[in-house]
Amino acid sequence: MTASEAGSKNSLSVRDNRTGKDYELEILEGDVIRAGDLRQIRVNAGDFGMMAYDPAFTNTASTRSTITEIDGEKGILRYRGYPIEELAEKSSFLEVAYLILKGELPTKDALSQFVEDVTTHTYVHQNITKLLSAFRYDAHAMGMMISSVAGLSTFYPEAKDIGDPRTRWIQMVRLLAKMPTIAAFTYRHHRGLPYVFPENELSYTANFLNMLFRIGVTQFRPNPVLERALDILFILHADHEQNCSTTAMRVIGSSRGEPYSALAGAMSALWGPLHGGANEAVLRMLTEIGDVKNVPSFIASVKAGERRLMGFGHRVYKAYDPRANVIKRTAHEVFQVTGRNPLLDIAVELEKIALGEDYFVSRNLYPNVDFYSGLIYEAMGFPVEMFPVLFAIPRTVGWLAQWEEMLLDKEQKIARPRQVYRGSPQRAYVPIGKRG
Ligand code: ACO
């Protein structure tokens, strides 16, 4: 369509200066154009047409979604329209999981049914414990988790039937239920401790803490403050729209395979230090600073470009990460129980100085979710290799909701980006004896 033909206000006029031709591209809701509309822009009739070049998808919307809304400029995060602060204050993790998966907050009856369903699917097949026992004593918890979750697909072959809503739902419940069990088993394996099996009368997080930390007693009841703190951390990590691991989940799922393997792929994407591994980096940084008196010199090295202040800055948030506010409050509550983590003083001082410095203010660098979460995990007794696992358990909800949304979206197909080929043009094959 040419400019003169269009005349609509919701359009973008483009002139191709190579040909002098004008094009009118429709602007859709959300200030987007269809990348496919660019294909009409071509020099010769036989050309492939224009594409958008966007390494790392920094400015490409891959989907329309109704799950999570982020406004990075204003520091807003909402699940299905509900502000994260309100959910963290008033809801339980499983209630939020239901909201994210189903789209609405549950009624009382729906919530008790959901809690019962999740609670009664927490056991794993005995052979999963055999699989776990095959790992070396020092195997990383995430490697064990990823393998076990992929392995679950072999126990539930019916999961392939992704077109059936009931089958999909059962796998979602299973995954949500079994992630803490497998996570706790990886921790016990590492410690050389016998596995503790799920207890149905405990809450989701209390059961997890029981499977992790019960030793030498027949009954273990975690401190309610720690149980609630973990529940809040799980709420904060439940979804974060189209990040690296969620995109991995959607891309793998787009080939229409079963969800266990796709989730194992999403977990692999999460494991990297630029994604789920940043809270560990914060902890190492605080330990290295060692004392509040060393904070000014550390800040000076950051300003000189020698270091990064880990736990600060975010690709999307250009204001305070709303999750960091909630976590900071939770940290203080946890430390009332566990005793004050001396690293907290360093973190608070770093934040105070950084927020007053032009270097950080002018670059919109504020604390992100990882700045305080590692301190809480450490105070609760988790080793650093469990940190990405603690991220993966709640994010399972987001991965599954996004996976199902992708499957039900009529506009989605198997994910398959294009490339701009920059290699050698066709050349003559050289036999091995004649190569230089
Ligand atoms: N410390 C010091 N300077 C920083 C930091 C930081 N943490 N983050 C960004 N900057 C500076 C950059 O040097 C750059 O400065 P310049 O314009 O003078 O060159 C400017 O701010 C913009 O930085 P980019 O790297 O372009 O921003 P980007 O959006 O690509 O990076 C990221 C975002 C990766 C999160 C970055 O802020 C960072 O490395 N932070 C520390 C690691 C971290 O905490 N990651 C966790 C993110 S939350 C999560 O994944 C759950």
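This is a predicted model: local features need pLDDT of at least 70, side-chain atom pairs count only at pLDDT 80 or more; totals for chains, interfaces and linings use all residues.
For helix α7 (residues 165–191) and helix α18 (residues 387–408), the axes come within 9 Å and cross at roughly 165°. Because angles over 145 degrees count as roughly antiparallel, α7 is roughly antiparallel to α18. The crossing of these two helices, α7 and α18, is right-handed. On the α7 side, the contact is formed by R168, M172, L175, L176, M179, P180 and A183. These residues meet V389, A392, I393, T396, V397, L400, W403, E404, L407 and L408 of α18. By residue class, the contact of α7 with α18 comprises 14 nonpolar, 1 polar and 2 charged residues.

Helix α15 (residues 342–355) takes part in two further pairs, with α13 and with α17. Helix α13 (residues 295–303) packs against α15 at an angle of about 50°, and the axes of the two helices are 10 Å apart. With this angle, α13 is oblique to α15, and the crossing of α13 and α15 is right-handed. From α13, the residues V295, P296, F298 and I299 meet I346, E349, L350, I353 and A354 of α15. The residues of this contact divide into 8 nonpolar and 1 charged, with no polar residue.

The packing angle between α15 and helix α17 (residues 370–379) is about 175°, with an axis separation of 11 Å. The helices α15 and α17 are therefore roughly antiparallel to each other. In this pair, L343, L344, A347, V348, L350 and E351 of α15 meet F371, Y372, L375 and E378 of α17. The contact of α15 with α17 contains 8 nonpolar and 2 charged residues and no polar residue. Within α15, L350 meets residues of α13 and also residues of α17.

The ligand has 18 residues around it, of which R308, L309, G311, F312 and R363 come nearest.

Definitions and conventions
Residues are numbered from 1 along each chain as its sequence is written. Side-chain values use heavy atoms; hydrogens and water are left out. Axes are lines fitted to C-alpha atoms, for helices over the stretch in contact, and angles run from 0 to 180 degrees between N-to-C directions. Helices (H or I, at least four residues) and strands (E, at least two) are DSSP runs, numbered from the N terminus. Angles under 35 degrees count as roughly parallel, over 145 as roughly antiparallel, 65 to 115 as roughly perpendicular and the rest as oblique. A crossing is left-handed if the near helix is turned anticlockwise from the far one by less than a right angle, and right-handed if clockwise. Contact means heavy atoms within 4.5 Å. Ala, Val, Leu, Ile, Met, Phe, Trp, Tyr, Cys and Pro count as nonpolar, Asp, Glu, Lys and Arg as charged, and the others, Gly among them, as polar. A residue is near a molecule or strand if one of its heavy atoms lies within 4 Å of it.
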